[in-house]
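Subject: Structure for you to look at

Hello,

I am passing a structure on to you, with some notes on what turned up in it. Please open it first and then read on.

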Amino acid sequence: MLELKKDASLIEEIRQHEAPEYFTQCFRCGACSGICPVEKVAQDFDPRVIVHALLLGLKEKLLADDTIWKCSGCGSCIPVCPMDVKPMEVIKALKALVAEKDPEFALEMRFKAGRLARVNPEKCIACLTCVRDCPFSAPAIVPDGYAVIDPEKCRACGICVVECPARAIELNPSPEMAASLGGQDV
């Protein structure tokens with residue numbers, strides 16, 4: 001039998017990371033799940049289930065695996081919620097909590113979920129193509145002579161990946177992209 005550990009402190013921790021005021025009012029109607037584009041293509045992603053797991057205090061389950069990182073942050077769940085829960089904002093607060101506790105893990109999860117591009121310094125030729133082409137000004141050349149991507153600015157649009165002549169920038173497919181490329185679940 002599966003045993004899940006409950007941690008009642010999780011709700012208070014999330015409130016400190018700008019979680020929406022009314023997220024505890026969720027009655028799991030599923031309106032958010034019905035409109036979520038990621039839920040349609042990633043079998044393990046469901047904003048309703050994530051909010052419910054938070055309310056149950058399933059801290060270890062929510063913070064240790066990659067599910068929350070699949071959220072695209074599109075916000076389509078927000079206007080359909082009858083209780084003003086704002087699941088995207090709840091998930092954003094969970095991500096902020098993880099980033100505060102383990103920034104490297106958070107960056108790795110974003111990269112794995114296709115939500116953050118990454119430069120391979122050994123391949124980068126510092127040609128400035130990514131710096132010029134990024135509409136979000138995420139790449140910059142560091143004094144060591146290669147590009148780095150600012151995680152706060154990167155929107156994982158993939159323009160830098162396509163334009164890089166050295167093929168030094170990596171971006172995993174997001175769940176939506178993976179589905180459009182071959183119908184595979186990530």
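Is alanine 96 buried, partly exposed or exposed? With a relative accessible area of 31%, alanine 96 is partly exposed, because that value falls between the 20% and 50% limits. Please keep in mind that this is a predicted model. Alanine 96 sits in helix 5, which covers residues 87-101. Its C-alpha lies 9.8 Å from that of glutamine 16, although 80 residues separate alanine 96 and glutamine 16 in sequence.

Now for the chain as a whole. There are nine helices and four strands, and from the N terminus their order is α-α-α-α-α-α-β-α-β-β-α-β-α. The radius of gyration is 18 Å, close to the 16 Å that the globule rule gives for 186 residues, so the chain is as compact as a globular protein of that length. The C-alpha trace spans about 50 × 35 × 35 Å along its principal axes.

A few totals may be handy for you. Of the 186 residues, 39% count as buried. The accessible surface is about 10300 Å², and carbon and sulfur atoms account for 53% of that area. If you take the contacts between residues at least 6 apart in sequence, 66% of them join residues at least 24 apart. As for charge, the chain carries 22 positive and 27 negative side chains, with the centres of the two sets 3 Å apart.

Next, have a look at the hairpin. Strand 2 (residues 139-142) and strand 3 run antiparallel and are joined by four bridges. Three residues lie between the two strands, and in that turn glycine 145 has a positive phi of about 95°. Valine 142 stands opposite tyrosine 146 of strand 3.

Most residues other than glycine have a negative phi. Glutamate 18 is not a glycine, yet its phi is positive, about 60°. You will find glutamate 18 in the loop between helix 1 (9-15) and helix 2 (31-35), and it is exposed, at 71% relative accessible area. Aspartate 84 is not a glycine either, and has a positive phi of about 60°. Its place is the loop between helix 4 and helix 5, where aspartate 84 is partly exposed with a relative accessible area of 33%.

The loop between helix 4 (59-64) and helix 5 also contains threonine 67. What does threonine 67 touch, leaving aside residues up to four places away in sequence? Its contacts are Asp44, Phe45, Ile50 and Lys61. At 8% relative accessibility, threonine 67 counts as buried, because the value is under 20%.

Best wishes

Terms used: Residues numbered from 1 in each chain as written. Predicted model: local features only at pLDDT ≥ 70, side-chain atom pairs only at ≥ 80, totals over all residues. Heavy atoms only, no water. Rg over C-alpha atoms; globule rule 2.2 N^0.38 Å. Buried < 20%, exposed > 50% of the residue type's maximum accessible area, 1.4 Å probe, protein only. Contact = heavy atoms within 4.5 Å. Areas by Shrake-Rupley, 256 points an atom, 1.4 Å probe, with all protein chains shown as cover. Lys, Arg positive; Asp, Glu negative; His and termini not counted. Charge placed at Lys NZ, Arg CZ, Asp CG, Glu CD. Pairing = 2+ DSSP bridges.
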